[in-house]
Amino acid sequence: MKITRILICEDSLEGILTAVHEAYVSRYGLHDIRIQTSEGDPEFFTEQMEVITDLKAAASVADAVRKKISEYVFLMIRRAACSEHPGKAQAIYRMIVYGFHMGASVADCIAEPSVQLVTKLSRQVSRETEKLYGFVRFKTVLPGLMTADISPKSRQLELIADHFADRFVNENWMIFDVVRNMACIHPCQAACLFVAYEKKEDLLPKQLLKEDYLPYEEDIYEKLWVSFFKAVTIEQRKNPRQQMNLMPKRYWKHLPEMQ
């Protein structure tokens, strides 16, 4: 009897795709391998192996998914990988295995549990991405520098970065995921950088940390949001329940117009 091999990989799209690459090149048997993003409790008749993220190997799997399955399936996988669901890595792995046999039609096989889970996670992450497009609020902390805080349920920085880089290509800005201590840094007319941090102060300009620093008062963006919110409000037609449906309360702490 063959024991099950559990591949422990980094919790990222690149880490999961590297594990998928390892599963194929090992020739151990696709059905005798499981992929996880964290170590679980010890199990009988299993062995655990750590997989180090290899960007080249991950890129080769990503290219294969795009060519042999479809761009749409790769987008589903990319979104699902940003979820916090503990079973996402195994579901992505099984969907890729089926996809290499079935092609693009694998996206329609929702009776298969792995495809069903990837589809569900992709939709959940996509809905949150769409909300953040409208709920990210930048504030000017220094002339020429804007920052924003978000507290998403899933890892969203890599999904929303291109949207804001396209809108604010000539600006220096930073978006902080305060839940995961990750930041997206966009220098003017340059590519976005993703970095981890322990304290936000480690990434902010030094003059913001001086005791005699006075906050930048010309915060046009916050003033515009507050004034716009007041201008479009019709007191007689207020509907708090509908407002919370369209603008969930968990986003309010980062919205100046809701303070």
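Trainee: Where does Arg27 sit?
Mentor: Arg27 is in the loop between α1 and β2 (33-36); helices and strands here are DSSP runs, helices (H or I) of at least four residues and strands (E) of at least two, numbered from the N terminus. This is a predicted model, where local features need pLDDT of at least 70 and side-chain atom pairs pLDDT 80 or more, while totals for chains, interfaces and linings use all residues. Residues count from 1 along each chain as its sequence is written, and side-chain values use heavy atoms, without hydrogens or water.

Trainee: What makes Arg27 count as exposed?
Mentor: Its relative accessibility is 76%, so Arg27 counts as exposed; the cut-offs are under 20% for buried, over 50% for exposed and partly exposed in between, with a 1.4 Å probe and protein chains only. Its phi is near 55°, a positive value in a residue other than glycine.

Trainee: And what about Phe45: is it buried or exposed?
Mentor: Exposed, with a relative accessible area of 58%. Phe45 also has a positive phi, about 60°, without being a glycine, and lies in the loop between β2 and β3 (46-50). Most residues other than glycine have a negative phi.

Trainee: Why are α1 and α4 called oblique to each other?
Mentor: Helix α1 (residues 13-26) and helix α4 (residues 88-102) pack at about 55°, with axes 10 Å apart. Angles under 35 degrees are roughly parallel, over 145 roughly antiparallel, 65 to 115 roughly perpendicular and the rest oblique. α1 and α4 are therefore oblique.

Trainee: Which residues make that contact?
Mentor: From α1 come Ile16, Leu17, Val20, Ala23 and Tyr24, and from α4 Lys88, Ala89, Ile92, Tyr93, Ile96, Val97 and Phe100, where contact means heavy atoms within 4.5 Å.

Trainee: Which residues of α1 and α3 touch?
Mentor: The axes of α1 and helix α3 (residues 71-81) come within 9 Å and cross at roughly 115°. Leu13, Ile16 and Leu17 of α1 meet Phe74, Ile77, Arg78 and Ala81 of α3.

Trainee: Why is the pair of Phe138 and Phe164 called edge-to-face?
Mentor: Ring centres must lie within 6.5 Å to pair, and planes under 30 degrees apart are stacked, over 60 edge-to-face and the rest tilted. These two have centres 5.7 Å apart and planes at 75°, so the pair is edge-to-face. Phe138 lies in the loop between α5 (113-135) and β4 (139-142) and Phe164 in helix α6 (residues 157-167), so the pair ties together parts 26 residues apart in sequence. Both Phe138 and Phe164 are buried.

Trainee: Which residues do ring pairs link into a cluster?
Mentor: Phe138, Phe164, Phe168 and Trp173. The structure holds eight aromatic pairs.

Definitions and conventions: Axes are lines fitted to C-alpha atoms, for helices over the stretch in contact, and angles run from 0 to 180 degrees between N-to-C directions. Rings of Phe, Tyr and Trp (its six-membered ring) pair if their centres lie within 6.5 Å; planes under 30 degrees apart count as stacked, over 60 as edge-to-face and the rest as tilted.
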